[in-house]
Amino acid sequence: MPQGLTRRSLLGVAAGGAAAAATGAFSWESAEAASLQGDLPASVDVVVVGAGISGLVAARDLLAAGKSVLVLEARDRVGGRVLNHDIGGGEVIESGGAFTGPTQDRIQALAKSLGVDTFKEYTAGKSVYVNGKSVQTFTGTVPTLQLGLAALDAALLQSRIDQFAKQIDVNAPWAHPKAAEWDKMTLQQWIVENALDDDVVEVIESWTQPGFGADAYELSLLFALWYVACSGNESTKGTFERNANTAGGAQESRFVGGSQLIPLRLADQLGDHVALNAPVRSVLQQDTYAEVHSDRGVVRAGRVIVAAPPQVVRNIDFQPGLPIQRQQLLKHWQMGNLMKCDAIYSSPFWRSAGRNGFGIAASGPTRAVFDNTPPGSSKGVLLAFVGGSTWREYGEQSADARRTAVLQGFAQMFGAKALDPIDFVEHDWNLEEWTGGGPTAIMAPGTMTAYGPWMRKPHGRVHWAGTETSTYWTGYMDGAVRAGERAAAEARAAL
């Protein structure tokens, strides 16, 4: 093939082929070497920028329609914000996007077509809420009334958020009669004005920090309402509980073999249509084609699909230049701040103690904690999302200090055994050059109404994909699939 990329293969895993099939341990045969082999094709129908789920889905759809495609990926791997981490014994955990749930039908259909199964997140037993030295248990993932006034407030506020979200047109949230009013204030301002107990802010931030990588004071109320409204599909309205919950919600299930298995298998199908180590530097549009300039060469294309995070898109030189509204959108569409910290134990000891591994805390590094154990594993894994202001506090500490603080947070929730893991791993998405933060891009007050209409508007021959541009499950893997499908349909129609 002209791209000169080597094929990937299914690698054997110790303990036999069954374990290999379960984990789907695909690997590029030396991406660095591949990047030095051969030339890119001189021209294709469509160049896709970014080999995350959204870009790979767009490429798959275009190839199926008979179009020639080349995916240019800056990294030496595929998957974007989806990344597996090997914990030994043929088992993996997810360092990036992991969960799926009801109404996320596009990512689930894609996984099924690729032979990737799902399994339910462990939910048997009690959840834990920590406020100072107080440790209480509750059922589910949204604190119940037994936790006092703050939880009662949270329940009432969630009900009002759902009422507002039902009124939002997911395709055009800026068109709501109250859009300007809601976009002027932060989510925190609205909470404080409508709450009986200021402690409810800490409860809500156990949702915003892992979900957005941000605190409530950083989010426009309109943006937060749109995000909740997107937690559904064409036939089902989005709700706060579906977005925040485990059972019956967005965190209900995970993928056997880890979520990166999905883009790995997509890339295996696409083969030499994917070029790694090829960061795109500029897109120059001519009368009848576009030139895409990357570190591996220049390719002409009839259409270009950009499926990269806003932070990365800002660094691409577009000629002619992007409209000022699109430039301002990218400037204000900031990535959240997120790190995932996982402690691996010899067993999931919290389960035998009647805990499900889910916990939230009003302070400290373990604001939101999940049981991240692989299916059928004898090991146990606790995951802490360290996001927003919590990341800004603990992300700057030394790795040893952060590890100690996270383990102490786990111990406060689940007992002293949490202080003695057999391994501890972390992944800071703010250090990823080709992502620039995580898990998604956020909008502060004033951004949605001023620049939101430019999220999906093509720029000449350039179309926009990526989960942030989806009208359902924006910020999630399902949104990435939907955005890739839409962008591919746009490009195909234009061709």
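# Reading a predicted model

Reader: Is cysteine 230 buried or exposed?
Author: In this predicted model, the relative accessible area of cysteine 230 is 0%. Buried means under 20%, so cysteine 230 counts as buried.

Reader: What share of the residues in the chain is buried?
Author: The chain holds 18 helices and 23 strands. It has 495 residues, and the buried share of them is 62%.

Reader: Among contacts between residues at least 6 apart in sequence, what share joins residues at least 24 apart?
Author: Contact means heavy atoms within 4.5 Å. Of the contacts in the chain between residues at least 6 apart in sequence, those joining residues at least 24 apart make up 73%.

Reader: How far apart are the end C-alpha atoms of helix H3?
Author: Helix H3 covers residues 53-64, which is twelve residues. At 1.5 Å a residue, the helix should span 16 Å. The distance in the model agrees with that, because the end C-alpha atoms are separated by 16 Å.

Reader: How many of the twelve residues of H3 are buried?
Author: The buried residues of H3 include Ile53, Leu56, Val57 and Leu62. H3 is largely enclosed by the rest of the structure, because its count of buried residues, out of twelve, is nine.

Reader: Which residues in H11 does H3 meet?
Author: H3 and helix H11 (residues 261-270) pack at about 35 degrees, with their axes 10 Å apart, and the crossing is left-handed. By class, the contact has nine nonpolar, no polar and one charged residues. From H3 come Ile53, Leu56, Val57, Ala59, Arg60 and Leu63, and they meet, in H11, Pro263, Leu266, Ala267 and Leu270.

Reader: Is the crossing of H7 and H8 left-handed or right-handed?
Author: Helix H7 (residues 187-194) and helix H8 (residues 200-212) pack at an angle of about 150 degrees, with their axes 10 Å apart. Leu187, Gln188, Ile191 and Val192 are the H7 residues in the contact, and the H8 residues include Val200, Ile204 and Trp207. The crossing of H7 and H8 is right-handed.

Reader: Which residues does alanine 405 touch, not counting those up to four places away in sequence?
Author: Alanine 405 is found in helix H16 (residues 399-414) and is buried, with a relative accessible area of 14%. Its C-alpha atom is 8.5 Å from that of tyrosine 394, eleven residues apart along the chain. Leaving out residues up to four places away in sequence, alanine 405 touches Pro365 and Tyr394.

Reader: What is the phi of threonine 103?
Author: Most residues other than glycine have a negative phi. Threonine 103 lies in the loop between strand E6 (91-94) and helix H4 (105-113), and is buried, with a relative accessible area of 15%. Although threonine 103 is not a glycine, its phi is positive, at about 75 degrees.

Reader: Which residue does a cis peptide bond join to proline 320?
Author: Most peptide bonds are trans. Proline 320 lies in the loop between strand E15 (317-319) and helix H13 (324-332). The cis bond, with omega of about 0 degrees, joins proline 320 to glutamine 319.

Technical notes
Residues are numbered from 1 along each chain as its sequence is written. This is a predicted model: local features need pLDDT of at least 70, side-chain atom pairs count only at pLDDT 80 or more; totals for chains, interfaces and linings use all residues. Side-chain values use heavy atoms; hydrogens and water are left out. Helices (H or I, at least four residues) and strands (E, at least two) are DSSP runs, numbered from the N terminus. The expected span of a helix is 1.5 Å times one less than its number of residues. Buried means under 20% relative accessible area, exposed over 50%, partly exposed in between (1.4 Å probe, protein chains only). Axes are lines fitted to C-alpha atoms, for helices over the stretch in contact, and angles run from 0 to 180 degrees between N-to-C directions. A crossing is left-handed if the near helix is turned anticlockwise from the far one by less than a right angle, and right-handed if clockwise. Ala, Val, Leu, Ile, Met, Phe, Trp, Tyr, Cys and Pro count as nonpolar, Asp, Glu, Lys and Arg as charged, and the others, Gly among them, as polar.
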